[in-house]
Amino acid sequence: MLKIIACDDDVAFLDRLHRMIDRWSTETGTAVDVALVTRGEDLLARHAASRADIILLDMIMPLVNGMDTARELRQHDPHVPIIFLTSSPEFALESYEVRTFWYLLKPLDEVRFHAVLDSWYE
């Protein structure tokens, strides 16, 4: 089973994202376990408790932003793929500092999102 942790402070976006992941799971026949969290601290705790296979992370969040969360994550797990899902294109270059797998802009195009998941999961 593929474990995914998605972190975004926008609960409505997380709900839409979860539906997109469910459709991808159905289309590919891939069993997924999706954990949805709204804070970077929660992502780090969840990942420490049960390692994810892939992380979906927003960049702009209150308290601890996505880059700081990714930097902290990299101190404990240098290999887990991170896909940033954000409305902020200006952090794309900086995201390479944490070896991001992909950087997708919101509003999220489902076909493109599925293609990125496919390219990672192949």
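## Salt bridges

The structure holds 9 salt bridges, each defined as a side-chain nitrogen of Lys or Arg within 4 Å of a carboxyl oxygen of Asp or Glu. This is a predicted model, in which local features need pLDDT of at least 70 and side-chain atom pairs count only at pLDDT 80 or more, while totals for chains, interfaces and linings use all residues. Residues are numbered from 1 along each chain as its sequence is written, and side-chain values use heavy atoms, leaving out hydrogens and water.

## Lys106 and its partners

Lys106 pairs with Asp8, their closest N and O atoms lying 2.5 Å apart. Because Lys106 lies in the loop between β5 (102–105) and α5 (110–121) and Asp8 in the loop between β1 and α1 (11–28), this pair ties together parts 98 residues apart in sequence. Helices (H or I, at least four residues) and strands (E, at least two) are DSSP runs, numbered from the N terminus.

Lys106 also forms a salt bridge with Asp58 (3.5 Å, N to O). Asp8 is buried at 1% relative accessible area and Asp58 is buried at 4%, whereas Lys106 is partly exposed at 21%. Buried means under 20% relative accessible area, exposed over 50%, and partly exposed in between (1.4 Å probe, protein chains only).

## Network at Arg71

Asp68, Arg71, Glu94 and Glu97 are linked in a network of salt bridges. Within it, the closest N and O atoms of Glu97 and Arg71 are 3.2 Å apart. Glu97 is exposed, with 53% relative accessibility, and Arg71 is partly exposed, with 31%.
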